[in-house]
Amino acid sequence: MRLWLGLVGVLLLAVISLFIGVIPLSPRDVFTDPEATRLMLTSRLPRTLAALLAGAALAITGQIMQVLARNRFVEPMTAGAGQSAALGVLLATLLIPGAPVWIKMCLAAATTLAGSVGLLVLIRPLPPTQPLLVPLVALIYGGLIGAAVNFVAYQGDMMQYLQVWLTGELSGVLKGRYELLWIAGVAAAATWFIAGRITLLNLGDDVARSLGINVRNVTAAGLLAVSVVTAMVVVTLGAIPFVGLVVPNLVSRRMGDNLPRTLPFTALIGAGLVLAADICGRTIRAPFEVPVAAVIGVVGAVLFLILLYREPRHG
Amino acid sequence: MISIRGVKHSIQGKPILQDINLDLPRGGVTALIGPNGAGKSTLLSLIARLQPLGTGTIRVDALQIGSCSDAALARVLAIMPQSAQISARLRVGEAVMMGRYPWHRGRPGKRDGEIVEETLRLFSLTSLADRFLDEISGGQRQRAMVAMAYAQETDYLLLDEPLNNLDIAASRHLMRLLRQMADTGRKSIVIVLHDINYAAAFADRVVVMREGRIVADGAPGAVITPALMADVFETDAKVHLVDDRPVVLV
């Protein structure tokens, strides 16, 4: 029931998104005016789909990362994975400029995976009694990789490209330039098959193993999904923060952590959040645009503060 | 039968277990007791393959620990680890359903639902089924964890200090349940206990450990004596027999 409500809400947002933009467009034009049809198919529809795909995938993989890190305040985009993705695509652009796009993608995904594994290795020995150490270490870790990215970009005279990967925005989304996000969408959707096992990881390694879970394989599969999604989003849109942090926390607060049940909601809310933020970014000071990452940064930070201060005793 | 042969274990060069040989036949309640640091929990987690086994062999029925698959063992043996602290926000009913995982592998069927219902009823958790684990009392949470291990429907059930956080009523309730499972459900229960009197009152057999070795093994009446209290626990306490069961006066 609630799932249907969410679905209707996101569909409504999608319809709004399709008809908002610099060029006015009415539903009738789309079917009568060939120019309007073209605009719809090459710009508005891809942009809306990109927001939905990225939002859903980021929210899902944020949730998965939080289980793998055993900490609710870790988010791939800010905890090293996002920066590693930027590093990967930067290195690819510098070292193998002529390589086809898919090779650059794979390299970005690989560095993202390495960055995520590095994070887990780094935070595993931290004492579970100090839950705030994990996000602190993650933040510093992300900052370090970010600094390396800046250094490489400065040396390679690529600072202007860097902004594209570090600030997520959707204004550049056109047909033919966003399709990689479908890979992110598929990777995120595939996690549904391991959602039950990931939930069991959340009970602790000992309990998971005693229930017959292969902890290592499930962790690896989860990390792979996190890395693919982060890399694809960073490369196509740029980094979008907070989605993977706020949405899973919201959902967990209301519905718990039984992922096979909650992941559909996580996906819907993530998709809705990014799309709504993009709609805001397009309308606040039209005809100019505010990057979606900036809008989410503001909204997400406020939402997160509210979440933190309403943290129940046992949370 | 769980059979343990020549098991040694050390952590960072420090010997934790030495020359452990022990047979735990099917059925009954076996209590592992001993002072802190005796290696009881380590032994339990070695049997449940939660730590890699170095020297020696452990077999659970036909399964050899270390070479059998986790999934196969999960249908034969369940463990409730010590202070199983769960940070996940799960409802009690959901958590108990997790215990069914070795059987449904992610697709709970009707039968799993029935077993969960039955388990919740048995552990008096039915009214709490929809509450989150972090919203109930420590004792209730502990009971839910045991229920989860029980729902795994294994022949062997290992429990590491399940009476932590439990008051006397809850402790008695849980021990009676375990007793009943051993008597009528033909389960074999191995339980690490701190309170010797609970071991004496409910166990068929008591295995006493000290400094990584088994120092006594037998029926509570034969094992729990003033001499053992003085020798192993370094406690000068009287032991009385009440209803043919030894009671340590603390």
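User: In this predicted model, how far apart are the mean positions of the positive and negative charges of chain B?

Analyst: Lys and Arg are counted as positive, Asp and Glu as negative. On that count chain B carries 29 positive and 27 negative charges. The distance between their mean positions is 4 Å.

User: What radius of gyration does chain B have, and what would a compact globule have?

Analyst: Chain B has 250 residues, and a compact globule of that length would have a radius of gyration near 18 Å. The C-alpha atoms of chain B fill a box of roughly 50 × 40 × 35 Å along the principal axes. The value for chain B agrees with that of the globule, at 18 Å.

User: What share of the residues in chain B is buried?

Analyst: A residue is called buried when its relative accessible area is under 20%. The share is taken over the 250 residues of chain B. Buried residues make up 55%.

User: Among contacts in chain B between residues at least 6 apart in sequence, what share joins residues at least 24 apart?

Analyst: Chain B is built with ten helices and twelve strands. A contact requires heavy atoms within 4.5 Å. Of the contacts between residues at least 6 apart in sequence, the share joining residues at least 24 apart is 64%.

User: Which three residues supply more than any other three of the area that chain B buries against chain A?

Analyst: In chain B, 24 residues are in contact with 22 residues of chain A. The area buried between the two chains is about 2,100 Å², with 54% given by carbon and sulfur atoms. Of the area that chain B buries against chain A, 27% is supplied by B:Arg89, B:Met98 and B:Tyr101.

Conventions
Residues numbered from 1 in each chain as written. Chains lettered and ligands numbered in written order. Predicted model: local features only at pLDDT ≥ 70, side-chain atom pairs only at ≥ 80, totals over all residues. Heavy atoms only, no water. Helix = DSSP H or I, 4+ residues; strand = E, 2+ residues; numbered from the N terminus. Rg over C-alpha atoms; globule rule 2.2 N^0.38 Å. Buried < 20%, exposed > 50% of the residue type's maximum accessible area, 1.4 Å probe, protein only. Charge placed at Lys NZ, Arg CZ, Asp CG, Glu CD. Buried area = accessible area lost by both parts, 1.4 Å probe.
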